[in-house]
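Let's walk through this model together, starting with its aromatic rings and ending at one of its pockets.

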Amino acid sequence: MLKVKEKWDSKYPNAMKSWEENWDVLTPMFKFSAEVRKVIYTTNAIESLNSAYRRLNRQRSVFPSASALLKALYLATYEVTKKWTIPLRNWGRVYGGECEKKSVKTIPSMIE
């Protein structure tokens, strides 16, 4: 953490302050392999969903009821998820590796 802070504190002081204050929450992330971390922090799906919601908001700025808004959000979400056809890179290796690690640790506790 000290090396990271030394390098980036002058350019991103608020981010470094946040990292220091939340270090105990961030450190478990580093227990995952680099491939799993990449899947976790890659946000393309979230960004595309937010983009669809913003587009919906530009098209219709007023909804007659909360129910109408929820229906519009549902339909926007449904349409966006149709485009999510590209599998995650190395997903089989990531999923398989993490499942093996978890199954070795959790099977004895599940039996007891």
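A quick word on terms: a residue is buried under 20% relative accessible area, exposed over 50%, and partly exposed in between (1.4 Å probe, protein chains only). By that scale Tyr 78, with a relative accessible area of 43%, is partly exposed, while Tyr 74 at 56% is exposed.

Before going on, some housekeeping. This is a predicted model, where local features need pLDDT of at least 70 and side-chain atom pairs count only at pLDDT 80 or more, while totals for chains, interfaces and linings use all residues. Residues are numbered from 1 along each chain as its sequence is written, and side-chain values use heavy atoms, with hydrogens and water left out.

Now zoom out. The protein chain has seven helices and zero strands (DSSP runs numbered from the N terminus: H or I of at least four residues for helices, E of at least two for strands). Of its 112 residues, 9% are buried. Take the contacts between residues at least 6 apart in sequence: 39% of them join residues at least 24 apart, a contact being heavy atoms within 4.5 Å.

Back to the rings. Four aromatic pairs turn up in the structure; rings of Phe, Tyr and Trp (its six-membered ring) pair if their centres lie within 6.5 Å, and planes under 30 degrees apart count as stacked, over 60 as edge-to-face and the rest as tilted. Trp 19 and Trp 23 have ring centres 6.1 Å apart and planes at 35°, so this pair is tilted. Trp 19 is partly exposed because its relative accessibility is 31%, and Trp 23 is partly exposed at 29%.

Finally, look at the second largest pocket, with a volume of about 200 Å³. A pocket is an open set of points on a 1 Å grid over the protein atoms alone, where a 1.4 Å probe fits, with protein on both sides within 12 Å along at least five of seven lines; lining residues have an atom within 4 Å of a point. Grid points are joined across faces, edges and corners, and the volume is the space filled by probe spheres set on them. Helix 5 (44-59) and helix 6 (66-82) are the elements that give two or more residues to this lining, and helix 6 gives the most, with five. Among the lining residues are Arg 55, Leu 75 and Glu 79.
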